[in-house]
Structure formats: structure tokens, C-alpha cells
Protein chains: 2
Amino acid sequence: MEGEPTLRLRVFDLNCWAIRYLSKRRQERVRLIGETLRREGFDLVLLQEVWSEQDYSDLRVKLAGCYPFSHYFRSGVIGSGLCVFSRFPILDTLLYQYSLNGYPYMLQHGDWFCGKSVGVSVGVTAPLLSLSLQLHAEYCREKDAYLPHRLVQAWELAQFIRHTSKAADVVLLGGDLNMHPEDAGVRLLRGWTGLRDAFAEATRFEGCKNGCTLVPDNCFAEKSELLPFPLGIRIDYILYKAISSFTVKCEELKTTTGPAPGMDIPFSDHEAVMATLHIQRQGQPVGATLGTADLALADVVTEARTEVGVGLRAARRQRYSSGRMAVLALLLLLLQAAAALGTLAGLGAEQPFPKLSFCLLAFLALGVLVLAAGLHLFHTMEVKILHGTEEQMWMALRALQERP
Amino acid sequence: MEGEPTLRLRVFDLNCWAIRYLSKRRQERVRLIGETLRREGFDLVLLQEVWSEQDYSDLRVKLAGCYPFSHYFRSGVIGSGLCVFSRFPILDTLLYQYSLNGYPYMLQHGDWFCGKSVGVSVGVTAPLLSLSLQLHAEYCREKDAYLPHRLVQAWELAQFIRHTSKAADVVLLGGDLNMHPEDAGVRLLRGWTGLRDAFAEATRFEGCKNGCTLVPDNCFAEKSELLPFPLGIRIDYILYKAISSFTVKCEELKTTTGPAPGMDIPFSDHEAVMATLHIQRQGQPVGATLGTADLALADVVTEARTEVGVGLRAARRQRYSSGRMAVLALLLLLLQAAAALGTLAGLGAEQPFPKLSFCLLAFLALGVLVLAAGLHLFHTMEVKILHGTEEQMWMALRALQERP
């Protein structure tokens, strides 16, 4: 066991904030990221928010020498923004899109259009299952309307990892979870999968205090969002676990701290996270020593289930009110049709309304009908998914309680 | 090896055609299905098209004695229609919704609203990974507009099975693939996963000729669809494979043949498929003898990739034409706004149009704009997914060719 060779794996993770037309100094930053990646020679690079396929292509051309294998994950209207560059061959890829991802009518938040997903690439190192991902953003911590959606995503992600990782030796997840370390979603994900947090496990750490990746010192960061957190927040993570007869240790974790060396700008509005992992084969299989079945886990599943239940009730209310609105609009339209027919048949003495207002009203009712019916359909789907997740969590709780 | 006990597993699969308000004699048939399942005492029951949750609840109550474990998979607007009843505990469930599933504006086909999915339940028998599923329907075999979507679904299903099944001992899939046995999607699914067809492998077979499950003799079947196939078609399958140190043999396969015993109606417009499987532990792991990497597999992946490419080009054309339509509608609206502003500012001598037609035209343009923009977004997503699938298939082909 002692004589077994150790694989040293250097991993880079960054939310690149590369939105075409919207992100400041995007092209310059993407160039800078490419140059740094080429110079540093990591083994595995997990990037998020590379929304433009052109940026990915540019990076791929630039990095072809040191990262000959790469993949860009496509989904949603805009794309998933996820890509992976690897020094080792990528054998297979898989994209899992979360069932819920915000609301299409919240145009200013835009998460729905991105098709937030988790991209899985299976590499030959180990075999290593590496996941790059991003969850729904948190826009307002005090009144977080997206919390149930984010919890559904965390749950689906955890379930997905449990089901896909069984034949892997090592699972490695890098991404922007959009959650603080102590949030229910992070606890749920870690507890339900047994993933370990590189920041907590690292022998050496270097970088922003508390491992924060969204810091006020970053010139691109939204200062107002960080007012309650003067030190910043940690929302980008590298998580890992060894599955079969392997052990993984995090030797070193680093974050960038503002401007790139020799430059006046940082890579992104997030700081990058870099981990050095040591992977070693063990004499015998480790077995299920991760202990996912404890009371703390039952507690966090219960907590998440409660939040999903809150979301479910809200979604049911919205489904009801949009359905009612659609019915009212339909009734108005029918009433107008009856009035119009009546006038045509010569039943009414005079046309009661001027033609123009009559038409305007009909179009308005039609518009309301289409919109309300669309909303009703959307919230019906939302209800189904929240209800399904709540049931899955209940099944998980029952399984936890039945264990000796 | 010879002394190991054999597990005999009896599986029932049926597309129930239980659409509320639309399916003929639905309640009667669901009652009949419930009674038969209770009497026959299968080990595992995989049902599709149970669209009404009430029907599921009724079945669950009726079957609680002999099938104490069950799950209903929720997705889409209407639901996935999938459910599973089991004599053995269900440890975990997972729902994977295909990325593409028809078009929301094809209301008469309705597949989009169902959220076609594959429901996975992990049971303790073996451990057994059982999948219940339905793919997009084929509405016109000669001019099958949904073929690329169905191929994407078959590919995603195959990838999903490959990634989730690695820790299982036996994978069992039952469902309505909506494809003939020789179709590219079935060959792709079987080739890429190594799943075996219970009909082809069964020692004994009893039922409709060629194992057909959509037969003209069924009084609910759409006769016109079956005109080119006087014997019927086989679109419901039970597929299986053993993964680790197990072997699976299909001892017997049966289909129902029209009316249920002692009744004047069949269970559904599809015939049910029933398999008796023998699962036995082997002395040593079987290893990768399934030989998925052969020339035939490369051929079928190439064929599927070509079809997906055809779909991709069609989706790009539709994206372009809907985008152009949206731009034209926007231009018309802007023109009208300019004219209206001109009239208001007193620039034009007289108002050139009557108010009513002017308003009607504006509303029409607005309606076209909203619809065309929605279509443009939808086809943009479709393009992304088809493109992503095409790339995954290309990666698979490269991997196949690089194998010795």
C-alpha cells in the first residue's frame, strides 16, 4: 500500500463571467485566462459561464498544446456555459439539465434561459468522474424566491452523483454552487453524496480569507451584494470523494486574490479556485465508511424538504391564480363574442361600444388569456417537479430511518 | 456456480393508454389491470401512460397487499405517465427527462406536454436497476418529423443507462420505445448499452405473432396506422442485461392477445408484455464480453448521427425563419409607432389609416412578434441539443475507432 505510486492532480476551477455584450473587458479576460492556463499547466480545468462558443473555440485553439482534450456542454437557449479542458483523454461526456431553473418571465435574472446543468466528463485518470456545474443564482438572500429551485437542483445533483459515480474511482466536482458553505443546499449535497470540501480538508491554504471567491476587493464584483459580508463569500467549490479502493487528499488549496499577476484586472468577478490533490490506490476497498446515514443528514434532508414544501405551496398558489386569470379572460372573450354575434344578428338595437375600444378589449383579453395559460402550464410543471422532489426526499428520509 | 440459487423474476410491462377524458373505457380498463396484477402476482410491474394520478392512487390502494412498494414519476405539464409497482423494496428513484421531446405548438400530438422521461427505480433484488420509459411517438412513418428527436432520446437513454448502471447487477428496461425492432434507435440503444431483447432471447414465447404489441385485432388500436403492417408492430419491449457477476436468462416471454380473460375488452390499445427471467450468480465476474465495440455499432452510431444532422439542419432553418419573422414584425411595429408619433406631433397632414385597422395591424404585429420570438427561442434550444448530441456521437465514434 505504501509503495503504490501517487497521482498528483492539479485542478483549476473558475466562474469566468464571460457574457457577450454584458461582461466588462470580456475578451481581454478570456485571453488572460487562456495565457495563465497555458503557463500553469494544470491537469484539469473546469470553467463556468463561458457563454460564448467563440470564446470556448478561442481557448481551445490556444490551449490545444497543453490541454489536448476538451468539451463544451450545450443546453438551454444561451447554453450551459460549462466547459472542461483536460491533459488526459475525456472518454465520455453527459449533460444533466436540472428540472427546475427559475422562471422564463424573470427576464432580468435570465437563469431560465441558460439551461443550468451539470456537465460530466469521464476521464481515464483514475477513472475520474469530473463534474463542472453551476446552480441557480441567489439574487436576494433575505427574500430568496429561488431557494426551493436551488434545493431541487442540489438534490437532483446529489442524486445524479450517487447514481453515476458508482463505477468511478474518484469523483471531482468544481463549480459555482451559488450558496454559502453553511446553506442547506451545500449541506444536503455534501451529506447525501459524501463529497468532501477541498477548502476544509486542505493541508495548506493560500488566498482570500475563509476561501472566499466573491470578494469586495475584486473590481468587477457587485459591491452592494457584498455589503452584509465585508470579507466576501465562498460560493465556488472544489469537492471530491474517493469511491473504490482509492484515497484522495487535498495537499493545497489556493484562490486568486484580485488582479492577475502583472495585470490591472482579475480573471473574473469570481476568484478562481485551484486544488492540488493526491490520489493513491489503497490495499483494500475502503467500503462505505463515509457514513452518509447519520442524524445530521436526516436533519438536513428534513430542512430541505420543508423548504421545497414552501416552494410547492407557492407554486400551487401561482398555478391557481394564473388559471383563474386565464378563465376570466376566456369568459370576457366569450362575452364579447356573444355581444358581437348579437349585434351582427341584429338583436341588439345599437352597437353598445365604439368599435375601436371593443377590438382593443378583445385583443387585451386574448393577450391575457395566452399569457395566463402559458403561466398556468409552467407552474403546473413546477408543482409536479417540486412535489416529486418532496416525495423523493421523503423516501430518502424513510430509508435513513430504517437503517440500523 | 451450479449450486447458487436462482432468482426467478416475473415482470409485467404495459402501456396503459389511460388518458383522462380521451381514452375509451379508461376506468374499467384500469380496474381490470389492477385485478389482473393482483391475481397474477408479478414481482415487478412497469406501467406507462398512467396520466392520471388518481388512477395511480387507485391502483396503489388495490395493489398494496401484493405490491407493497410503488412509485409514480412526475414531470412535464401532464406528467410522465410512468409508474412502477414492486414486490421488493424500492430503495431509490431517479427521473431523467429527455432534452428534446417534440414541439409545444404541435398541440394535436401533445408529446411535449407529457415530459417524456425515463424513470429509474433501484430495487434490492440483485440489486436491480429497473427502468420504465416511453419515447416520442411516431405519427407518420413515411415522413417522420420526430425521428431526430427520438434518436436524441434513444441516445440520451443509452448514455444514461451506461452511466447509472455500473454498480447494478442487473439492468431491466421495460417500456414503449415507439420504434420497430429494426429501427436505428432500437439498434443504437441495444448496441450502445449491450441490452438484450427478451423477445429474441426467450426460450419459450407465447402471444401475438412476432411479439407484436400493437395489433389490428385489438379493438382500441388505430386501424389506419396499422394498414401497412397487417400482422401488427412490436414497439413495447423488455430489455435486460447482467452487469457484474450475474447471468440473466429469459425463460419465457408472453404477450396478451386482445380481450382479457372473461372480458370483452383488452387492457389497453397496446398488448402487455410479460417476461420470466432467471437471475443467477456466477463464480467470477463476466467482464466486458458484451462486445459493444464492433463495426455494426459504429455503423448504427453513424446512421443515427446522420439523422440527427438532418434534424439539426431543419432546426437551424426553422430558427432562422422564425427569427426573420420576429424581426419583420418588430420592424412593422416600429414603423407603426413612428407613423403614430408623426400623426400625434402633427407632422402628417391627415391620419393615413382608419384607427381601427391601424390598431388591429399593431396587435397582429405584436402577436406575430411574441409567437415568432418564442419559436426562435425554442428552435435555438433544439439546435443546441441536436448539435450537442451530434458531437457526443462523434466522440463515441472516435472512441470506437481508436479501440484495438
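A residue counts as exposed when its relative accessible area is over 50%. In this predicted model, A:Tyr21 has a relative accessibility of 77% and is therefore classed as exposed. The residue sits in the loop that links β1 (6-18) to α1 (26-40) of chain A, and its backbone is worth a look: phi is near 70 degrees, a positive value in a residue other than glycine. A:Arg25 is found in the loop between β1 and α1 of chain A as well. A:Arg25 also has a positive phi, of about 50 degrees, although it is not a glycine. With a relative accessible area of 37%, A:Arg25 is partly exposed.

The contact between them brings together 23 residues of domain 1 and 22 residues of domain 2. About 1,800 Å² is buried between the two domains of chain A, and carbon and sulfur atoms give 76% of that area. On the domain 1 side, A:Pro148, A:Trp155 and A:Trp192 lose the most area to domain 2, together 28% of what that side buries. Polar links are present too: there are four residue pairs in polar contact between the domains, both residues being at pLDDT 80 or more, and the count of salt bridges is one. A salt bridge joins the side chains of A:Arg187 and A:Glu303, at 3.0 Å from N to O. Helices α4 (147-164) and α5 (184-193) of chain A each supply at least two residues of the domain 1 side, with the largest share, eight residues, coming from α4(A). By class, the domain 1 side divides into 14 nonpolar, seven polar and two charged residues.

The interface between the chains comes next. The area buried between the chains is about 4,000 Å², of which carbon and sulfur atoms give 66%. In chain B, the residues that lose the most area to chain A are B:Arg74, B:His163 and B:Lys384, together 18% of what that side buries. Two salt bridges cross the interface of chain B and chain A. B:Arg74 forms a salt bridge with A:Glu391, where the closest N and O atoms are 3.0 Å apart. Six residue pairs, both at pLDDT 80 or more, are in polar contact between chain B and chain A.

Key. Residues numbered from 1 in each chain as written. Chains lettered and ligands numbered in written order. Heavy atoms only, no water. Helix = DSSP H or I, 4+ residues; strand = E, 2+ residues; numbered from the N terminus. Buried < 20%, exposed > 50% of the residue type's maximum accessible area, 1.4 Å probe, protein only. Buried area = accessible area lost by both parts, 1.4 Å probe. Salt bridge = Lys/Arg side-chain N within 4 Å of Asp/Glu carboxyl O. Polar contact = N/O pair within 3.5 Å; in protein donor to acceptor, adjacent residues only side chain to side chain. Contact = heavy atoms within 4.5 Å. Nonpolar A, V, L, I, M, F, W, Y, C, P; charged D, E, K, R; others polar.
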